[in-house]
Amino acid sequence: MIAVMGGTFDPVHNGHLRSALELCQLLGLAEVRMLPCHQPTHRSRPGASSEQRLEMLELAIAGEEALVVDDREILSDRPSYSVYTLESMRNEYGPETGLCWVMGIDAFASFSRWNQWERILKLANLVVLTRPGYQLSPGSVEAQIWQARHIRPEQLPYQLAGGIVPVSLPSQLEISATYIRQQLFRGQSARYLLPECVLSYAQAHALYRC
Ligand SMILES: Nc1ncnc2c1ncn2[C@@H]1O[C@H](COP(=O)(O)OP(=O)(O)OP(=O)(O)O)[C@@H](O)[C@H]1O
Ligand SMILES: O=C(O)c1ccc[n+]([C@@H]2O[C@H](COP(=O)([O-])O)[C@@H](O)[C@H]2O)c1
């Protein structure tokens, strides 16, 4: 089974890293693939370039066997639609490999607005990480999809795609890249929210400043 956590990672922080590591342990996976997007279609242009976000991610996970960078979106010159990415992964890993797209429930809350979301569910399972303070709106399309498709983590090895697996990880670190960027814009410290090497990189490259 292949698990991939897509993100803008502008910058990557301990909320992403700790979640990916704990998920890897919880599901008994060899690794989680960390996939930075290149040209986000759903949000404004990131503060750091694709190459800088990729370099920060590489620094952050250096020496951690359970986390692996997947640079396929950055190497591709087209808009970063997850459906294309999952098609590419399906072609690479073949029809018999289970694929899991990992996301926070905040991201899942707008899943019905993703490009070809129904096709995404034909290509992969969704692993949705619960986060304090985030809930699906009752009656929303996402709440209906959730209701219709949720499965338990133990069922994942037998389901190649189409299931939704809610996961509550032990660490629920309420860290966001938005807050980190705000701290740096204000000239305030962002220490302990992200790896020191990533913070040093951001400072050395004058990222997230006015
Ligand atoms: N602290 C966290 N704990 C668990 N999942 C997270 C956390 N922060 C982000 N995620 C999830 O990681 C994925 C990538 O997130 P992203 O790169 O947008 O980070 P972010 O901190 O939410 O950034 P921003 O504040 O810029 O929107 C998304 O699926 C998101 O839900
Ligand atoms: O394909 C889409 O339409 C789509 C819409 C919103 C988000 N995504 C992907 O979801 C991942 C998390 O997005 P974000 O904004 O939380 O960093 C990232 O890999 C995005 O490319 C994808």
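This is a predicted model: local features need pLDDT of at least 70, side-chain atom pairs count only at pLDDT 80 or more; totals for chains, interfaces and linings use all residues.
Helix α8 spans residues 177–185, and its buried residues are A177, I180, R181 and L184. These four lie on the same side of α8, because the arc they cover around the axis is only 100°. After α8 comes G187, a residue with a positive phi, near 75°.

On the α9 side, A202 is a residue of that helix. Which residues does A202 touch, leaving out those up to four places away in sequence? They are P11, L184, L207 and Y208. L184 is one of the buried residues of α8, and P11 belongs to the loop between β1 and α1. A202 counts as buried because 23 other C-beta atoms lie within 10 Å, where the cut-off for a buried residue is 20 or more. A202 also lies 10.0 Å from D10, C-alpha to C-alpha, although 192 residues separate the two in sequence.

D10 and P11 are joined by a cis peptide bond, with omega about 0°. F9 is in the loop between β1 and α1, and its phi is positive, near 50°, in a residue other than glycine. Most residues other than glycine have a negative phi, and most peptide bonds are trans. Is F9 buried or exposed? F9 is buried, since 24 other C-beta atoms are found within 10 Å. A positive phi, near 55°, is also found in Q116, again a residue other than glycine. Q116 sits in the loop between α5 and α6 (117–123). With 15 C-beta neighbours inside 10 Å, Q116 is classed as partly exposed.

Next comes the sheet. It is open and has 6 strands in the order β3-β2-β1-β4-β5-β6, with parallel pairing. The edge positions are taken by β3 (67–69) and β6 (164–167); each has a single partner strand, so one side of each lacks a neighbour in the sheet. From one strand to the next, the twist averages 30°.

Strand β2, residues 32–36, runs parallel to β3 and is joined to it by 3 bridges. In this pairing V32 is opposite L67 of β3. Helix α2 (residues 50–61) packs on the sheet, where it touches β2 and β3, and its direction makes about 155° with that of β2. Helix α4 packs on the sheet as well, touching β1, β2 and β4 (99–104), and its direction makes about 150° with that of β4.

Strand β2 also pairs with β1, in parallel, through 5 bridges. The bridge partner of M5 in β2 is M34. How many residues of β2 are buried? The count is 5 of 5. V32, M34 and P36 are on one side and R33 and L35 on the other, and both faces are covered.

The shell around ligand 1 has 19 residues, of which G7, G15, G104, A177 and T178 come nearest. A177 is also one of the buried residues of α8. α1 (14–27), β4, α5 (105–108) and α8 each contribute at least two residues to the shell. Helix α1 gives the largest share, 3 residues. By class, the shell around ligand 1 consists of 7 nonpolar, 8 polar and 4 charged residues.

Around ligand 2 there are 15 residues, and those that come nearest are G6, T8, H42, W114 and N115. Here β1 (2–7) and α4 (82–93) each supply at least two residues. The shell around ligand 2 comprises 6 nonpolar, 8 polar and 1 charged residue.

Notes. Residues are numbered from 1 along each chain as its sequence is written. Chains are lettered from A and ligands numbered from 1 in the order in which they are written. A residue is buried if 20 or more other C-beta atoms lie within 10 Å of its own, exposed if 12 or fewer, and partly exposed in between; C-beta atoms are placed from the backbone. The arc is that of the directions from the helix axis to the C-beta atoms. A residue is near a molecule or strand if its C-beta atom, placed from the backbone, lies within 6 Å of it. Ala, Val, Leu, Ile, Met, Phe, Trp, Tyr, Cys and Pro count as nonpolar, Asp, Glu, Lys and Arg as charged, and the others, Gly among them, as polar. Two strands pair if DSSP finds at least two bridges between them. Axes are lines fitted to C-alpha atoms, for helices over the stretch in contact, and angles run from 0 to 180 degrees between N-to-C directions. Two residues are in contact if their C-beta atoms, placed from the backbone, lie within 7 Å.
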